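Hello,

Here is the structure we talked about handing over. Please look it over; my notes follow below it.

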Amino acid sequence: MATRNAFDELWGRSEGKEARPGFEALEKWLSETAGTELDRRQQAAESAFRSLGITFSVYGEDEAAERIIPFDIIPRVFSQSEWTALSAGLEQRVQAINAFIDDVYGDRKIIADGVVPAEIVLANSQYCLQAAGFRPPHGIYAHICGIDLVRTGPDEFYVLEDNARTPSGVSYMLENREAMLRLCPELFDLLPVQPIDTYPDQLREMLFSVAPSAIRDPVCVLLTPGHFNSAFYEHSFLADNMGIELVEGSDLEVDDDIVWMRTTDGPVRVDVIYRRVDDAFLDPLLFNPESMLGVPGLMAAYLKGNVTIVNAPGTGIADDKAIYSYMPEIVRYYAGEDPKLPNVETWRCREPQALSYVLEHLGEMVVKLVDGSGGYGMLVGPTASRSEIRRFREALKAEPHRYIAQPTLALSTVPTLTDKGIVPRHVDFRPFVLSGGNGVTIVPGGLTRVALRKGSLVVNSSQGGGTKDSFILGPRGDGG
Amino acid sequence: MLSRTASNLYWIGRFMERAEFTTRLLEATIRLSALTRASGNASEHSVWQGALAVVGAAESFAEKHEALTPSAVNRYLALAEENRNSVRSCIFAARDNARAARAAITREAWEAINRAYLDIRSRSGLGGIQATMAFLETLTADTRGFEGALSRMLRSEAYWFMQLGSVIERGDNTARLLDVKYYLLLPEGEHVGGTLDREQWTTILHTVSARNAYRLLYREALKPWLVADLLILRREMPRSLAACARETVELMTELSSNSGRQGEADRMARKRLSQFDGLEINRIFQSGLHEFLRRFISENVAQDQTIAQQFRFS
C-alpha cells in the first residue's frame, strides 16, 4: 500500500540499504542500540508521561477516560538546510495569512480584486461579522499558527492545513524533548540538535508585544475551558512555563469595557488574553448564549481596544478548508512572489467540474469536510471499504459544497519502534509560528505525529496516532 | 493569586490531610481490632463503630444497611465511591483540585498527588488483612510523598494556602478523634482502666503518629490525661489543637503580609490562639472535655468560612 512507494526520511528510497547523506549518525545509533534497550526507554517515557498526567481525552468517550498519546523513542531528524527552506516558507505563509485576515476584516481588497470569491469569505460560518472594521495591535490576528506539513520527497513539502485558531500540541513538542534528553542523552552528543526550550519565553514575549498600546507592564492570562478539556494539560503547562495566570471564564469579569480577574487581593486588570477556547464560547452575549465558558462583555472590551485576544476572534476564516484551496493565490497576492511552500492539490467539490472528477476517482482520493477536523468525517479512498465509498459518494452528491478532495499522497515515513521491531510509519509535522510586534519567530522544532498502524495515513491522536521528537540540526555536522 | 486557584489549593491541603488521617485511622483500628478480638465480638464491634464515628461516617454507613464488619468498614472508609470522605474520594477530589490549579503547584507535588490517584484508582477491593495493610502502607507512603513535595515548594501564596487547608483539616481531625474517645480520657488521679483502655490510648497516639512524641515529652507510662495534654495543648506536637491554632495564625500572617491586608479570618485566628494562653489540661477536664472539643470543632468550621469569605473562594 502507501508505505511501499513512500520516501523514507532516514533511508531515502534505498529501502533500508543506505542512510541519506547527513543521516549516518542517526543510522549508526539505531543499529547500535539494542531493540530491548529502545523498548525499555520507550516504556520509561510513557510511564513518565502518565505520572505527569500528560493525557488527552477522546471526544465521544467517557470524559473521565484519560489516555496518554503513544510516544515513539526514535526521533525524526531534519537537516539544517531542510529547516532553513521550511522556515522561510512558513514565515511567508503566516505573514500572508495575517495580511489576508487584516484585509477581509478591513478594506476587502482581495475580494474587490477578484482573487477570492466574496461568498466564500463573507458567507463563511468562520467569518466573524463582529470583528469587521476593528484592527488589533500591529494588525496581527493569527499570533500563533500551527501549520501542518506533509512530505513526499527530499525537497517536497506541502501544507496540509493552516491551524490559525487555537492550535494545540506544543506541550508535546516540549515534553517529548525532555523525555529524549533524559532517556537518550547520547543522541545529543552525536547530533547537533537545536534547542527548543525557549518557546515559552518567546510566546510570553510575543504576548507582551501585542498588548494594547501605552501599557507598560501588561498582565497576560491564559484562558482555558477548564480542567475537563482534552488539552487542559497543555494549557496549564504553558501558563506555568510562562509564569502567567491560568484562568477560566468565571475568573474574569468585564466592567465598563475593561476585563478584570478575580484574585485573593481583589480585581486585577487584564491586558492580554491567550485564549484556548473557540470563538463561539468567548462571549455569551455575542456568540453562544448557552456557553458557561465565556466572559460576558469580553467582545465589547476587545472592540474598544482595552484587551488583546490571542488569537484574535475571527481567525478561523484563514484556516477554513474552502479558503485553504485559495492559499497559493492569497500568498501570491500579499507577498508578491510565488509561495515557497505549496498546497496539496485540492478539488473544491462546490465546482461542478471538480465534483465530477472527484466522483470518478473517489477510490484514490482523500475527501474532507470543509469544516471538519481531527480526522473525523474524512474518507481515505485507498483504505476505505466499499460501503464507506458509497456513503461518501451519496454525501458528495447531496451537499458538494461541504467537501474538498485531495490526492492520496505517499506521505514520507520515519523508522518507528513497534512490536514488530523498527518499521517505517507515515508522519506529518506541525511547527509553531509566532507573530507579534517584533515580527515572526519560529522555534526550531515542531510536533511530529506518526500513524502507528501499518500503512495508515491518519496521524490524529484521536485515531490511533502517536508522537515523536523532531530534531532540527544546527551548524555542526549538517549534511542535508 | 486567582481566588479560584486559592480555593483549589486550600482544598488540596484539606483533602490530602483527610486522606492521610483516614488511612492512619484504619491502620490503627486494624491493630486495635486484633488486640480486642480476644475479649469478644462486642468490643471489636465497638472498635469499628468508633472508627466510623471519628470521620463522621457512622450515619451514612448505617444507611447502607450493611453488617458492621471489619472488612465492610475498611472498604467503606478506604475505597467506597459513595462515601465522599473515603480515602479514595479524598484523593480523587484532591487531584481534581490539583488539575485545576496545576500551574500553581510544583511538578513534584502534582506527581505525588497523581501517584496516590493512580494507586487507588485501580483498586477495586482491599483483599485480606495482609493485602489491606500493604495497601494502607502504600497510601501512607503516597501522602508522605505529597508532604515532602509540599515542604520543598517555594514559600509563597500557593504553599501557604495548601498549608492552611492542611492545618484547618488537621485540627478538625485531632478534635474529632479525641471527642469520640473522650470518655476514655480521664483526668489525673482517676481510676485507670484495664489493658483495653490502655490500648485505646495507644490507638489514639498511633492514629496521629505520636507514640514517640509521647515518650520523648513525658518519659513515663501512658496516662490518659497526658494523652489529652499532648494532643490538645502541647505546641511541640504539630497535630495538637494548640499547634494548629498557632500555625493558622502564622499562615494567615504570611498571607496578609503578602497582600498588605487583614480581615475577619485573621482576627478570628488570633482570638482562637489566645484561648490557649496559659490553659491547663486540668481546667479543660473541669469544664468538660467533650464540650471543649465540640466548641473547637464548631469554631474550626467558622474559621473555614471566614477564610473562604476573606479570599473570595466562591
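Among contacts in chain B between residues at least 6 apart in sequence, 69% link residues at least 24 apart. Please keep in mind that this is a predicted model.

On the fold of chain B: the secondary structure consists of 15 helices and 0 strands. The C-alpha trace extends about 55 × 50 × 35 Å along its principal axes. The radius of gyration of chain B is 19 Å, which agrees with a compact globule, because one of 314 residues would come out near 20 Å. Of the 314 residues in chain B, 49% are buried.

One residue I looked at in more detail is Asp229(B), which sits in helix 11 (residues 224–232) of chain B. Asp229(B) has 22 C-beta neighbours inside 10 Å and therefore counts as buried, the cut-off being 20 or more. Leaving aside residues up to four places away in sequence, Asp229(B) touches Arg234(B) and Ile281(B). Glu280(B) is 51 residues from Asp229(B) in sequence, while their C-alpha atoms are 8.0 Å apart in space.

On the contact between the chains: chain B contributes 16 residues and chain A 18 residues. On the chain B side, helix 1 (3–36), helix 5 (87–100) and helix 6 (107–121) each supply at least two residues. Helix 6 of chain B gives the most, with 4 residues. By type, the chain B residues that touch chain A comprise 7 nonpolar, 3 polar and 6 charged.

Regards

Methods. Residues are numbered from 1 along each chain as its sequence is written. Chains are lettered from A and ligands numbered from 1 in the order in which they are written. This is a predicted model: local features need pLDDT of at least 70, side-chain atom pairs count only at pLDDT 80 or more; totals for chains, interfaces and linings use all residues. The radius of gyration is taken over C-alpha atoms; the globule rule is 2.2 Å times the number of residues to the power 0.38. A residue is buried if 20 or more other C-beta atoms lie within 10 Å of its own, exposed if 12 or fewer, and partly exposed in between; C-beta atoms are placed from the backbone. Two residues are in contact if their C-beta atoms, placed from the backbone, lie within 7 Å. Ala, Val, Leu, Ile, Met, Phe, Trp, Tyr, Cys and Pro count as nonpolar, Asp, Glu, Lys and Arg as charged, and the others, Gly among them, as polar.
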